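Trainee: I would like to learn how to read salt bridges in a model. Where should I start?

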Amino acid sequence: MGRPGLSRRHLLAGIGGLTVAGSFGFAALGTGADALASGADTRVRYWNLFSGGDGYNMIAMLDAFREENPGIDVKDSTLQWGNPFYTKLAMAAAGNRAPDLGVMHLGRVTGFSPGRLLDPWDVGLLAKYGVKEADFNPELWKRAVIDGKLYALPLDIHVQLCFYRKDVLGRAGLLGDDGRMVQVTSTAEWFDVLKKAKKVTKKGLQTIGLWTNDQNFQWWFFVAFYTQLGGTWFNAANTEVTFDVDKATQVLEFLRQHVTDGYTIPGAPTGEQFVNGAPFTWEGNWSVPVFSGAELDYGATPLPPVFGKQATHAESHAFVLPHQAGRGGPANEGAHRLAAYVVRNAQAWAGGGHIPAYTPTLTTPGYQKLAPQNEYVSAMDHQATEPKVWFAGSTGVLAQDLGPVVVSSTTGSARPAAVAQRMKARLTTLLASKNPMDGTTAAQGGAVA
């Protein structure tokens, strides 16, 4: 299906509140004439959104690449995480000032107008540098394919986890013979675990941290448990909402019960309480370096399968090729070479808690010794992801719309059944809405893998 042309002017009009290119420091992101690094004959410009520990790990991998490939000068730029990053990347691609390589959350790729703002990967060139489809989880690779072409090269998956204090659970009799948390397979078993843990929890601490007031975390938890129930969002053609209100209500009531039964203190600092002795917290795997740095006796598992089916919320960082007119030549080949190198050498990346997308890494002795990573690596095989539509993905429209209403249910300002109905109504509106990137609805966007 043909798609309308996209100019920087149209893009600015489509992204609310953004009126002048200069407000993004656009000139500073251009093609700069700075000299190549000594001994290099090719420059690869690379934009990413990694800060903190992820930023340090990425820099270490880039430095290793530079040492092995002195002929390629990597000019990396770290931009602000979230929508500011995506806006700058879109504007650069629309204005033919895009970097050679970029990073996106995989869930955002469908909405980024593949073929207009993103160029497809040359899978033959990736294979030349040692990366092929067989080296990836099939579902993860499938999410990166749009209209038969690969538009994203997955680097990792990052998941929501159930962190637990082994010292506290040991006192409550909640550790198995393997020293890990006892398994649960139902909501009744889960709340029984919380009841036992609460009895040995220090006064003033909550039993479990749930980020009750955070729209992103509450949305991620909802996606996980709704998927455990087998809930769906839209039909295959993205023309009809199939959201199950009854299943959604079950999930919302489950999340709410943590507050009503006194296991969660709304607004409490989840990570801090966990460090101070709270038995549980649900967090992203990026908290692994924090808790390991605090030298806690802890473990981490995928979110408990309380509705009978394993599923934990997952997103993925992925490499993309922002659109360039006439893409090709040494810089394009260098971008393929760099992305393939980082994907294949992601052991350092795994140290930050992420599960490497390149599956051969998972079988290496170095990865299998990582704890608690080796406890939750199975999450790769039961990912709960948002639907493959333009308005989904990390910090996307779907999370911004539905996250706050999930919060309202969990914290008690709205009834779960009413919230579930509201969610279905919002999904109906979004399904008919047009992507500001290219003017198409989800049904018209060609997002069928």
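**Salt bridges and burial**

Mentor: Start with burial: D119 has a relative accessibility of 9% and counts as buried, because the cut-off is under 20%. Keep in mind that this is a predicted model.

Trainee: Which residue does D119 meet in a salt bridge?

Mentor: The partner is R327, with an N to O distance of 2.9 Å. This pair links distant parts of the chain, 208 residues apart: D119 sits in strand 4, and R327 in the loop between strand 13 and helix 13. R327 is buried as well, at a relative accessible area of 17%.

Trainee: How many salt bridges does the structure hold?

Mentor: There are 10. One of them joins the side chains of R43 and D73, at 3.7 Å from N to O. R43 belongs to strand 1 (residues 42–48) and D73 to strand 2 (residues 72–78), so the pair ties together parts 30 residues apart in sequence.

Trainee: Are R43 and D73 buried or exposed?

Mentor: Both are buried. They also belong to a network of salt bridges that links R43, D73 and K75.

Trainee: What is the case for R426 and D401?

Mentor: They form a salt bridge whose closest N and O atoms are 2.1 Å apart. R426 lies in helix 18 (residues 416–432) and D401 in helix 17 (residues 397–411), so the bridge ties together parts that are 25 residues apart in sequence.

Trainee: What is the relative accessibility of R426?

Mentor: The value is 29%, so R426 counts as partly exposed. D401 is partly exposed too, with a relative accessible area of 22%.

Methods. Residues numbered from 1 in each chain as written. Predicted model: local features only at pLDDT ≥ 70, side-chain atom pairs only at ≥ 80, totals over all residues. Heavy atoms only, no water. Salt bridge = Lys/Arg side-chain N within 4 Å of Asp/Glu carboxyl O. Helix = DSSP H or I, 4+ residues; strand = E, 2+ residues; numbered from the N terminus. Buried < 20%, exposed > 50% of the residue type's maximum accessible area, 1.4 Å probe, protein only.
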